[in-house]
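Work through the two exercises below with the sequence and the structure at hand. Try each task before reading its solution.

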Protein chains: 2
Amino acid sequence: MTALIAAAVQIACTNATEANLDRLEARIGEAASRGAGLVVLQELFEAPYFCQDMDERWFAAARPFDDHAGIARFRALAKRLGVVLPYSWYERDGDRLFNSLAMIDADGRVVGRYRKSHIPDSHGYYEKYYFSPGDTGFMVHETAVGRVGAGICWDQWFPEAARAMVLMGADVLVYPTAIGSEPSTPGWDSRDHWQRVMQGHAGANLTPVIAANRIGVEKGRAGEMTFYGSSFIADFTGRKVAEAGRVDEEVIVANLDLDAMREARRSWGVFRDRRPELYGALTGPKPRALDCPNVSNPAR
Amino acid sequence: MTALIAAAVQIACTNATEANLDRLEARIGEAASRGAGLVVLQELFEAPYFCQDMDERWFAAARPFDDHAGIARFRALAKRLGVVLPYSWYERDGDRLFNSLAMIDADGRVVGRYRKSHIPDSHGYYEKYYFSPGDTGFMVHETAVGRVGAGICWDQWFPEAARAMVLMGADVLVYPTAIGSEPSTPGWDSRDHWQRVMQGHAGANLTPVIAANRIGVEKGRAGEMTFYGSSFIADFTGRKVAEAGRVDEEVIVANLDLDAMREARRSWGVFRDRRPELYGALTGPKPRALDCPNVSNPAR
């Protein structure tokens, strides 16, 4: 059996970046000791989720890939432990700022750099203020544990992104995440919706999914946000095989059978039966009929 | 509130077509009496699931749209009860045979005819023998209860089909289905996988999904198949709000809030944030890297 032992880590983050990395390092070590070859961390773990407010001071926190102490530190860690370690950070590239991910392979090399394609914008999630939409396109990274497709948070809501990465060869999909309460809708809990959408990606693409999400309560100018953790690992049918709670710092680990996945892809036949010539609506301009923002809808 | 009261019906089918329609008619009446304006029936309910075997005698059972007693009967029924009634049948169009669906509106008119785009082929599901791949493309039907996107069975496994129908304006997605045991893999139960994939379509597209599936044990030449029912209705977050059992003839009904759906589409923002220019992998030729049938994979 070609097994991929995968882990997800969830922690609370503060302004003390080194302390955040220290806590992660301890948990990554725990994951490695439990056999994990791939350890998925949450989104933007170096700091509180600063997108909770619009504050231009955070622009200065963006760091270029080539001059980044945290990436250098975790490259050494990945090599020492022999684990694949996707690293999420706020990237500066000249005057452009991105929400980025460096895929650190088990030998410490960075084998790919992806920039978040889909940028959200809502109360408490002011990401369009901080990040340009990614210019890399979706990426699949060749690593020691297989081909890892990596999206970042909001990307996880888009079936197109998951499908594209699998068509590009992904053996597994990972999603570093920061999601929790909705400041504009205090009673709204998106946790189950969030999980179901990614379970759907796993099942439809016959590909396991690993999502790592932030925990903790973070105070902003307009109030506080509670990040709901609930990091999980789904197998290639979308079944949750490991799941963390909403509150505590945790490591979850699952053993994913990639041979069974390949056999299921062959026998189930969905990739054989696709009809790309019928999928033009997905790549075309936004149709006028859809009842959603910025779309006039004369039919109703 | 703009409510859509939707129902799904599941029955066992025999070679006695009129008796199948009689049972359905009684259940459609029950759904209407419970307020349903849309009643989703299973796939190919006129007969046993003949695709369990390859038998050329069934070719003669295919009927043209314009000369079809069952459609005529259910058009009158739909008008009498004031319900939208998608009708699945084996269609002959000259020398071509399709797995088709006529969307009967609540006034008895047929407002659209769709031909199944994705055709499966596995042990006990020999559909490529019986059906040409549909030539209509995906369709959304303007009906009395809203814009209904209709896929047929295997279509339900393809996120592209669901997304395309929603981009074309669908308020709700319906999937007539015939799925059950796998003759080649007796222990395999795909029920939860099947549900999760469609729950994912609902959640990712912020669109309710209604799936109606066959029940019953049907004997074929090579053995028997057990259809697992489990028809269900998911709300626009993918949550199951109604579900039938595996064995019994049943009607399920749910009240779907289309205003809340539209508000969620606006506030959640996934349609605003799509990046169609990045989705070329979905419409391009099958990439060589994917580890699936008929694809060489020099990278491994």
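**Exercise 1: a sheet in chain B**

Task: Find the order of the strands in the open sheet of chain B, and say how they pair.

Solution. Step 1. In this predicted model, three strands of chain B make up an open sheet, in the order β3-β4-β5, and their pairing is antiparallel.

Step 2. β3 (85-93) and β5 (110-115) of chain B each have a single partner strand, so they stand at the edges, and one side of each has no neighbour in the sheet.

Step 3. On average, neighbouring strands of this sheet are turned by 30 degrees against each other, direction ignored.

Step 4. Turn to strand β4 (residues 96-104) of chain B: five bridges join β4 to β5(B), and the two run antiparallel. Ala102(B), for instance, lies opposite Arg113(B) in β5(B).

Step 5. Helix α2 (residues 69-81) of chain B packs on the sheet and touches β3, β4 and β5 of chain B. The direction of helix α2 makes about 160 degrees with that of β3(B).

**Exercise 2: the largest pocket**

Task: State the volume of the largest pocket, and describe the residues that line the largest pocket by class.

Solution. Step 1. The volume of the largest pocket is about 350 Å³.

Step 2. The lining has 21 residues, and those closest to the centre of the pocket are Ser267(A), Trp268(A), Ser122(B), Glu182(B) and Trp188(B).

Step 3. Helix α6 (residues 258-268) of chain A supplies the largest share of the lining, three residues.

Step 4. Sorted by class, the lining of the largest pocket consists of 11 nonpolar, six polar and four charged residues.

Notes: Residues are numbered from 1 along each chain as its sequence is written. Chains are lettered from A and ligands numbered from 1 in the order in which they are written. This is a predicted model: local features need pLDDT of at least 70, side-chain atom pairs count only at pLDDT 80 or more; totals for chains, interfaces and linings use all residues. Side-chain values use heavy atoms; hydrogens and water are left out. Two strands pair if DSSP finds at least two bridges between them. Helices (H or I, at least four residues) and strands (E, at least two) are DSSP runs, numbered from the N terminus. Axes are lines fitted to C-alpha atoms, for helices over the stretch in contact, and angles run from 0 to 180 degrees between N-to-C directions. Contact means heavy atoms within 4.5 Å. On a 1 Å grid over the protein atoms alone, a cavity is a set of points where a 1.4 Å probe fits but cannot get out, and a pocket is an open set with protein on both sides within 12 Å along at least five of seven lines; lining residues have an atom within 4 Å of a point. Grid points are joined across faces, edges and corners, and a volume is the space filled by probe spheres set on the points. Ala, Val, Leu, Ile, Met, Phe, Trp, Tyr, Cys and Pro count as nonpolar, Asp, Glu, Lys and Arg as charged, and the others, Gly among them, as polar.
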